[in-house]
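Here is a set of questions and answers on how some terms apply to one structure. Please look at the sequence and the model first.

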Amino acid sequence: MNSPVPSLQVQKPRIDRIFQMQFDFQYELARRTARERLARLDRFEQVLLRYREEIKEAMRLDFGKHPFEVDMTELFVITHEIRQYRRSLRRWLKPQPAGTPLHLLGSRSHILYEPKGLVLIMSPWNFPINLTFAPMVSAIAAGNCVILKPSEVSRHSSAVMEKIVAEAFEEREVALIQGDVQVAQALLEKPFNHIFFTGSTEVGKKIMAAASQHLASVTLELGGKSPTIVDAGANLRQAARRIAMAKFANVGQMCISPDHVFVHRRVKDAFLSELVGQIESCYGKQAELEPSYARIVSPAHFRRLDELLQEARKLGAKITYGGRTEAGQKFIEPTLVTEVPPQAGLMKEEIFGPILPILTFDRIDEPIAFIRQGAKPLALYIYSRNRRHIRTILAETRAGTTAVNNSAVHFYNTQLPFGGSNASGIGNAHGLFSFFEFTNPRAVYDQKWPSGLDLLRAPYGKWRQKMADIALRWL
Ligand code: NAD
């Protein structure tokens, strides 16, 4: 399990060979019916579940993720996605009839959802299995050849995924290529038809620049800060329970984890004490002893978080709860920080760890103004019983997704689009929305009967001008 990440030198000939193979095979693959595509997904699911224990071990080695979280936040997401395609793919693949305007009488039109062709899926380390295989399921269902490039940071998970892919697919349909940034760059030089990238906003910009060289379309599932508002009338115990769950699962290494909380000044103390209660009921007073509490993925990621915390302290922030860190174990206690000044890194960078700044407000337009100043969040959470406040926040802010009176669980509703907006992402994942990302809606216009427009060819005399007048007025 400890094999090093393969170098560019090793992977370059493989990249060239597999890309060419997939390029040659793409039309044959696209001819597969919905039944045949689903049969491939069934086989993949069987192989995936056969590796269930090995995946859990790999994720324990990568960052101490608890086996229960592996089941519920990695494997379930994939099996649920496959289930949705089983239910709907036949319907989605059918040509969709389009209407005919009066001036085109004599024709029929429809939309064909054709595969984009060759797809590159690049994934991050924080939910390595889920974020590699869930988009792959959609890409296969849509009829594409796929190359997967998982993160080099979660290398144990990547190694197991490589075995799963090799068992479930032929290389000419789906292949997984492990490697570091150089390997990623070599892949990006290939003229893929679509790139589905999940990762940081900074790298997302590089992916888009690389895609522009071949005018590949992109789906960018990026990160950013996900603010959470706790209104004065909110059910504080429930809010604290749900925020604690979404913030400290995977130790906050989650793109839609609440990044910071705005709580109404009147209920701040009550909320803080509920939050501490909820943290301790999940992880006890010594989270390092609780197996459900994961670790930071690497020493470098640990250092970044530790430095953010120290810097905030120096700038006058108060550690209200937690704050203990242990470099050897890459452990950071669930930590609540108050009075964080706006210039602190904690308020500028995506935190992506178990540190939660708590800010206060008096009027609902204060958090709204703060959110508007920053990049559009991937997720914005509202805890409130005041429907007017909820409507106001929804109308006066922009975000990729929003959950009301809960956090992060909206990811599980595959009937909803999942994605960001501008800096937090472009395009959407899940179910039908993923299917759209991986297909091109090809317009097919069929001139079945004589066309009235034939009469409008040059030279354009008076009669034709009359027709133009009628068109402008009535059609
Ligand atoms: P990352 O951007 O560092 O890496 C993601 C992928 O890009 C990896 O496969 C990596 O090998 C590759 N990569 C890194 N640098 C590259 C470069 N210069 N050129 C080409 N490829 C490169 O992200 P990460 O640290 O693995 O993941 C954490 C980030 O991902 C956070 O910002 C988080 O919010 C975001 N994220 C977003 C979602 C979402 O669904 N929107 C989900 C999970 C994580």
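Q: What makes up the lining of the largest cavity, by class?
A: By class, four nonpolar, two polar and four charged residues line the largest cavity. Ala, Val, Leu, Ile, Met, Phe, Trp, Tyr, Cys and Pro count as nonpolar, Asp, Glu, Lys and Arg as charged, and the others, Gly among them, as polar. The lining consists of L29, R32, R37, R40, I140, G143, N144, F169, E173 and V174. This is a predicted model, in which local features need pLDDT of at least 70 and side-chain atom pairs count only at pLDDT 80 or more, while totals for chains, interfaces and linings use all residues. Residues are numbered from 1 along each chain as its sequence is written, and side-chain values use heavy atoms, with hydrogens and water left out.

Q: Why is a space called a cavity and not a pocket?
A: On a 1 Å grid over the protein atoms alone, a cavity is a set of points where a 1.4 Å probe fits but cannot get out, whereas a pocket is an open set with protein on both sides within 12 Å along at least five of seven lines; lining residues have an atom within 4 Å of a point. A search of the whole structure finds three cavities of 30 Å³ or more.

Q: How many Å³ of space lie in the largest cavity, and how many in the second largest cavity?
A: The largest cavity holds about 80 Å³ and the second largest cavity about 50 Å³. A volume here is the space filled by probe spheres set on the grid points, which are joined across faces, edges and corners. The second largest cavity is lined by G224, S226, K247, G252, M254, C255, S257, P258, D259, E350 and F352. Its lining has four nonpolar, four polar and three charged residues.

Q: What lines the second largest pocket?
A: There are 19 lining residues, and A30, R37, Y113, E114 and P115 lie nearest the centre of this pocket. α1 (8-30), α2 (34-50) and β2 (108-115) are the elements that give two or more residues to its lining; helices (H or I, at least four residues) and strands (E, at least two) are DSSP runs, numbered from the N terminus. The lining divides into ten nonpolar, five polar and four charged residues. The space in the second largest pocket is about 360 Å³.

Q: Why is α2 called roughly antiparallel to α4?
A: The axes of α2 and α4 (residues 67-93) come within 10 Å and cross at roughly 170°. Angles under 35 degrees count as roughly parallel, over 145 as roughly antiparallel, 65 to 115 as roughly perpendicular and the rest as oblique. The angle therefore makes α2 roughly antiparallel to α4. Axes are lines fitted to C-alpha atoms, for helices over the stretch in contact, and angles run from 0 to 180 degrees between N-to-C directions. The residues of this contact (heavy atoms within 4.5 Å) divide into twelve nonpolar, one polar and seven charged.

Q: What makes α3 and α4 roughly perpendicular?
A: Their axes, with α3 covering residues 52-63, come within 10 Å and cross at roughly 110°. The two helices are therefore roughly perpendicular to each other. R52, I55, K56 and M59 of α3 meet P67, V70, D71, E74 and L75 of α4.

Q: How do you know how α4 is oriented to α5?
A: α4 and α5 (residues 130-141) pack at an angle of about 10°, with their axes 9 Å apart. That makes α4 roughly parallel to α5. By class, ten nonpolar, three polar and two charged residues form the contact.

Q: Why is the aromatic pair of F76 and Y412 called tilted?
A: The rings of F76 and Y412 lie 5.9 Å apart, centre to centre, with 45° between the planes. Rings of Phe, Tyr and Trp (its six-membered ring) pair if their centres lie within 6.5 Å; planes under 30 degrees apart count as stacked, over 60 as edge-to-face and the rest as tilted, so this pair is tilted. F76 is in α4 and Y412 is in the loop between β16 (401-404) and β17 (425-426), 336 residues apart.
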